Amino acid sequence: MIQAKGYAAQDANSGLAPWNFERRELGPHDVQFDIQFCGVCHSDLHRIKDEWGGSIFPMVPGHEMVGKVVNIGSHVTKFKIGDIAGTGCLVDSCQTCDNCKDGLEQYCLNGSTETYNSIGEDGSPTYGGYSNTIVVKDDFVLHVSDKLPLAAVAPLLCAGITTYSPLRHWKVGKGHKLAVLGLGGLGHMAVKFGVAFGAEVTVLSTSADKEADARKLGAHHFVVTKDPEQVKAVTASFDFILDTVSAPHDLNMYLSLLATNGVHICVGAPPTPHEVSAFSLIGGRRSVVGSLIGGLPETQEMLDFCAERGIVSEIEIIDMKSIDTAYERMLKGDVRYRFVIDMATL
Ligand code: NAP
Ligand code: ZN
């Protein structure tokens, strides 16, 4: 076995602390890479607090990691030692069901294996990217360009693909009015992609002090959702709302901002169910839909698109021991706009 170290939560109340564990020896199709940077996703916080249920402890969170390949299995042809590699939220899937065959491994009909908080093929739990090294099946490792600053690329592996994928699926672009709800890790990437795809982008935020940043990211308009006058002014105006909010919020209020046939896309995953009034939908033939991360081919497409366009995440690099402070700030909506852990500080 390969000795690894990381930060783990021992239960839902313990917070994170240093922890030593083992990774599997490389099989013929495995790639081992040493993690240089790992982004901090709000999902990590939901999971370590067991807000969604089903958390497996000890838990090493982290599903936005990039680093250098240090070892490859005998049948690996797509990577060589020294390559820059990344892994997002998935490390395995059946690869035979219709969804997997379509490159939609996140919707694997036999259940995909998540980077952490899953049970892998060998029956042992998976451990994520708040660690020094990882072993992943080659099909679930992404190629990362050396043209972009590596730390700022890490968040593309979750925040990036989670916003890129629905915007592509619903073909959001020129001629569309897109509202991005919540300007955090996912939200700021949604603004960048929305603008890159040619949409007219409005940020809907509870934080008035994020307006200058939103405009710097390329947003055309900014609405403070705590101000009833500003909200009223955008009633029935958006074709799409991309909802990245992590906490419970009143969907009915936001649905009233959709134009006829408007689509509210949920990517944020608050722990409690939304209450949607039928009247919020039927009045304007509106729909509420959802989207989960993205499959492997689309994740590679997104990374290549970002490399070509020079798109990265806006980040604040932190050392590993500051993770609790980072989580506290994240809970207050005070992330500008993704924390990334420098794994050299582990
Ligand atoms: P984040 O950085 O904490 O951003 C969330 C943003 O939501 C905050 O910055 C804040 O923006 C806004 N917000 C927070 N509480 C709010 C409230 N009560 N009402 C309205 N707005 C509020 O989190 P993230 O990492 O982007 O993740 C966002 C959510 O997406 C999480 O639930 C996460 O688990 C989920 N997620 C889903 C997928 C998927 O595949 N679907 C993938 C990754 C993450 P303002 O200050 O602008 O209001
Ligand atoms: Zn995530």
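In this predicted model, helices α4 and α10 are roughly perpendicular to each other, because angles of 65 to 115 degrees are assigned to that class and the two axes cross at roughly 100 degrees. The axes of α4, which spans residues 159–169, and α10, which spans residues 296–309, come within 10 Å. On the α4 side, the contact is made by G160, I161, Y164, S165 and R168. These residues meet E298, T299, E301, M302 and F305 of α10. Sorted by class, the contact of α4 with α10 comprises 4 nonpolar, 3 polar and 3 charged residues.

Individual polar contacts to ligand 1 involve both side-chain and backbone atoms of the protein. In the side chain of H42, an N or O atom is placed 2.7 Å from an oxygen atom of ligand 1. For S43, a polar side-chain atom is found 2.8 Å from an oxygen atom of the ligand. At V267 the backbone takes part: one of its N or O atoms lies 2.9 Å from a nitrogen atom of ligand 1. On its own, ligand 1 has 920 Å² of accessible area, and the protein covers 91% of it.

Backbone geometry was also examined. Most residues other than glycine have a negative phi, and most peptide bonds are trans. Two cis peptide bonds and one positive phi value are described here. The peptide bond from F57 to P58 is cis, its omega being near -5 degrees. P58 belongs to the loop between α1 and β4, the latter covering residues 65–72. The loop between α1 and β4 also contains D50. Although D50 is not a glycine, its phi is positive, at about 55 degrees. The bond between R336 and Y337 is likewise cis, with an omega of about -10 degrees. Y337 is located in the loop between α11 (323–331) and β17 (338–342).

How values were computed:
Residues are numbered from 1 along each chain as its sequence is written. Chains are lettered from A and ligands numbered from 1 in the order in which they are written. This is a predicted model: local features need pLDDT of at least 70, side-chain atom pairs count only at pLDDT 80 or more; totals for chains, interfaces and linings use all residues. Side-chain values use heavy atoms; hydrogens and water are left out. A polar contact is a pair of N or O atoms within 3.5 Å; within protein, one must be able to donate a hydrogen and the other to accept it, and residues adjacent in sequence count only if both atoms are side-chain atoms. Accessible areas come from the Shrake-Rupley method with a 1.4 Å probe; for residues, only the protein chains shown count as cover. Axes are lines fitted to C-alpha atoms, for helices over the stretch in contact, and angles run from 0 to 180 degrees between N-to-C directions. Helices (H or I, at least four residues) and strands (E, at least two) are DSSP runs, numbered from the N terminus. Angles under 35 degrees count as roughly parallel, over 145 as roughly antiparallel, 65 to 115 as roughly perpendicular and the rest as oblique. Contact means heavy atoms within 4.5 Å. Ala, Val, Leu, Ile, Met, Phe, Trp, Tyr, Cys and Pro count as nonpolar, Asp, Glu, Lys and Arg as charged, and the others, Gly among them, as polar.
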